[in-house]
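My notes follow the figure.

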Amino acid sequence: MSDKTSQTLRSFLWRAVNLYPDREVVSRTHEGRTRYTYKEYGERTARLANALSAYGIEKGDRVGTFCWNHHRHFETYFSVPSIGAQLHTINPLLPDTHIRHIVDEADDQLIFVDHSLAPKLAAVASGAPEFEGIEFVLMGETESDTVEGVSYEAFIAGRSSEYDWPEIEETQPAGLCYTSGTTGEPKGVEYTHRMLWSHTMATLTPQGIPIDDGDTVMPVVPMFHVNAWGFPFAATAAGAKHVYPGPSPDPEDVVRLIREEGVTITAGVPTVWLDLIDYVEDADVGLADLETIAVGGAAAPESMIRWFDDRDVEIVHAWGMTELSPIGTVSNPKYTLADADYETRLRRRTTQGLVLPGLEIRVVDDEGEEVPWDGEAFGELWIRGPWVTTEYFGRPATDEADFEGGWLKTGDIVTVDEEGYVDVVDRAEDVIKSAGEWISSIELEDAIMATDDVAEAVVVGVSHEKYQERPVAFVVPTDGADPDALSETILDRLGAEYPGWWLPDAIEYLEEIPKTTTGKFSKAVVRERYADEALIEGAAPERADHRTE
Ligand code: AMP
């Protein structure tokens with residue numbers, strides 16, 4: 001096949017600029033709300049490409065971003081991959097040690113950073129050998145006092161607004177995103193042009209989350225989370241209007257943009273929408289033209305789907321993973337449900353849904369046997385297809401546990417019913433997901449057990465109304481230790497090493513941690529016996545507020 005027919009991102013950019021030159025891109029930034037057209041978007045993307053080339057970025061180089069959702073970040077989305085380089089979107093909410101590790105492994109040449117995140121980056125980079133030689137570009141009109149580097153506008157100033165985009169092979173890596181969804185260090189997932197292209201095409205089908213040129217699309221899911229679930233690419237391919245909600249958007253910002261910009265489709269983790277419900281009820285405002293909310297990253301609560309149904313806004317529940325670019329299943333009702341009553345349809349919509357066209361799934365039990373699709377038998381979900389990764393970045397040696405014969409073993413324990421609706425019922429690994437962000441229970445346990453006066457400790461995820469899951473620590477103190485003082489010491493220690501939202505919402509003291517027959521801590525028993533929602537009522541809300549980290 002000739003390179004000229006490659007499945008690359010460039011065609012989406014070309015289409016938007018040529019068919020929809022006047023369609024808008026709107027962005028909330030620290031400088032206020034800005035707007036421009038696809039025509040200008042194309043020109044600025046070319047100017048950035050020229051600036052990157054002049055800086056020395058070449059095919060195969062990696063460029064990092066440490067940014068929220070805004071137009072400049074969106075410019076890097078097409079510009080960096082379309083010159084053949086690779087965009088590494090760094091999650092600024094990760095613990096410092098994780099950020100250093102991934103920047104080192106990715107070998108980023110240049111990092112674009114938001115003003116609001118500059119203090120965080122300065123703290124992470126200070127004295128860290130992993131950051132040696134990396135230059136920074138500040139996302140705005142101005143430079144920063146905290147991080148040395150040129151401003152983005154100065155970086156692209158004077159550059160030509162035309163770029164002779166090269167032919168790129170579809171197998172060329174376009175993106176890189178790290179996931180902490182398994183135990184151990186974060187793992188990188190590379191996205192080739194073909195993966196992003198095919199993911200875009202599949203999500204645009206009616207079986208996915210279709211977007212048309214009349215839509216206004218606002219991804220609230222951060223652009224450092226698997227390319228904002230691919231929405232910037234899909235909205236561009238469709239010629240839709242884009243709205244980017246900027247740094248740490250709160251529900252008021254989100255609702256204002258929905259109302260003032262006529263947003264029809266938005267997307268994010270359940271926590272965002274639970275916060276929005278509270279705000280809308282208190283402020284007594286409507287949601288204007290909003291039609292669809294794509295919800296994923298954690299299970300969408302049924303009560304939330306009902307609340308939005310009452311307001312004629314459809315929650316489209318999707319399941320995915322960083323390893324899947326990220327969407328794998330979407331809970332669209334099958335045609336067989338067209339005449340079904342509301343409750344029957346709702347039962348299907350609360351599942352994670354049907355696999356997208358282009359992918360295949362199987363459900364495998366502990367013995368490696370496939371289990372029947374009867375809605376009851378459960379096993380691990382395996383998935384394969386063009387936008388599913390088959391290896392982790394730089395780690396071929398660890399592949400066997402995660403991949404087999406082209407299948408990705410997702411670590412999600414599911415049932416599948418006769419119709420093919422996938423229902424996630426558990427996770428194979430002990431990782432906690434709070435408001436869509438991972439917390440490693442093992443890291444917390446190690447740190448707690450390294451504290452004086454702690455004999456044993458486990459950390460388990462407890463279900464939480466707003467954050468879906470929060471960590472709770474169960475600790476056995478050594479004889480004579482004072483629990484109050486010990487809790488303070490533990491929280492101080494964890495607070496020095498981890499972001500506030502990683503800290504357990506409660507520390508409970510036990511005489512011993514239940515053990516399995518082989519003498520290991522039994523988290524399943526701890527969870528079952530002790531962990532219920534009552535334990536974490538009253539948790540300091542600011543501790544879990546991921547947006548302000
Ligand atoms: P990440 O790689 O951070 O996107 O996390 C992927 C994991 O999030 C999946 O393997 C699931 O455990 C979880 N997840 C994603 N979407 C959903 C969903 N709709 N319902 C339940 N869990 C989900």
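**Sheet and the helices across it**

I began with helix α15 (residues 441–449), which lies across β24 and β25 and runs at about 150° to β24. Contact here means heavy atoms within 4.5 Å. Helices (H or I, at least four residues) and strands (E, at least two) are DSSP runs, numbered from the N terminus. Axes are lines fitted to C-alpha atoms, for helices over the stretch in contact, and angles run from 0 to 180 degrees between N-to-C directions. Helix α17 (residues 523–530) also lies across β24 and β25, at about 60° to β24.

I noted the ground rules next. The model is predicted, so I kept in mind that local features need pLDDT of at least 70 and side-chain atom pairs count only at pLDDT 80 or more, while totals for chains, interfaces and linings use all residues. Residues are numbered from 1 along each chain as its sequence is written, and side-chain values use heavy atoms, with hydrogens and water left out.

Which order do the strands of the open sheet take? I read β24-β25-β26, 3 strands with mixed pairing. Two strands pair if DSSP finds at least two bridges between them. The edge strands are β24 (454–464) and β26 (506–509), each pairing on one side only. From one strand to the next, the twist averages 25°.

I then followed one pairing. Strand β25 (residues 468–477) runs antiparallel to β24, and 10 bridges join them. Glu 456 has Val 476 in β25 as its bridge partner.

**Helix pairs**

I turned to α12 (residues 302–310) and α13 (residues 342–349), which pack at about 125° with axes 10 Å apart. They are therefore oblique to each other. Under the rule, angles under 35 degrees count as roughly parallel, over 145 as roughly antiparallel, 65 to 115 as roughly perpendicular and the rest as oblique. Their crossing is right-handed. A crossing is left-handed if the near helix is turned anticlockwise from the far one by less than a right angle, and right-handed if clockwise.

Which residues make the contact? I listed Glu 302, Ile 305, Arg 306 and Asp 309 from α12, with Tyr 342, Glu 343, Leu 346 and Arg 349 from α13. By class there are 3 nonpolar, no polar and 5 charged residues. Ala, Val, Leu, Ile, Met, Phe, Trp, Tyr, Cys and Pro count as nonpolar, Asp, Glu, Lys and Arg as charged, and the others, Gly among them, as polar.

Next came α7 (residues 193–203) and α9 (residues 231–238). Their axes come within 9 Å and cross at roughly 65°. That makes α7 roughly perpendicular to α9. Leu 196, Thr 200 and Thr 203 of α7 meet Phe 233, Ala 234 and Ala 237 of α9. I classed this contact as 4 nonpolar, 2 polar and no charged. The crossing of α7 and α9 is right-handed.

**Aromatic pairs and backbone**

Rings of Phe, Tyr and Trp (its six-membered ring) pair if their centres lie within 6.5 Å; planes under 30 degrees apart count as stacked, over 60 as edge-to-face and the rest as tilted. The count comes to 18 aromatic pairs. One I looked up is Phe 74 with Tyr 244, tilted, at 5.2 Å centre to centre and 35° between the planes. Phe 74 lies in helix α3 (residues 71–82) and Tyr 244 in strand β11 (residues 241–244), so the pair ties together parts 170 residues apart in sequence.

Ser 325 and Pro 326 are joined by a cis peptide bond, with omega about -5°. Pro 326 sits in the loop between β14 (314–320) and β15 (327–330). Ser 248 is not a glycine, yet has a positive phi of about 35°. Ser 248 lies in the loop between β11 and α10 (251–261).
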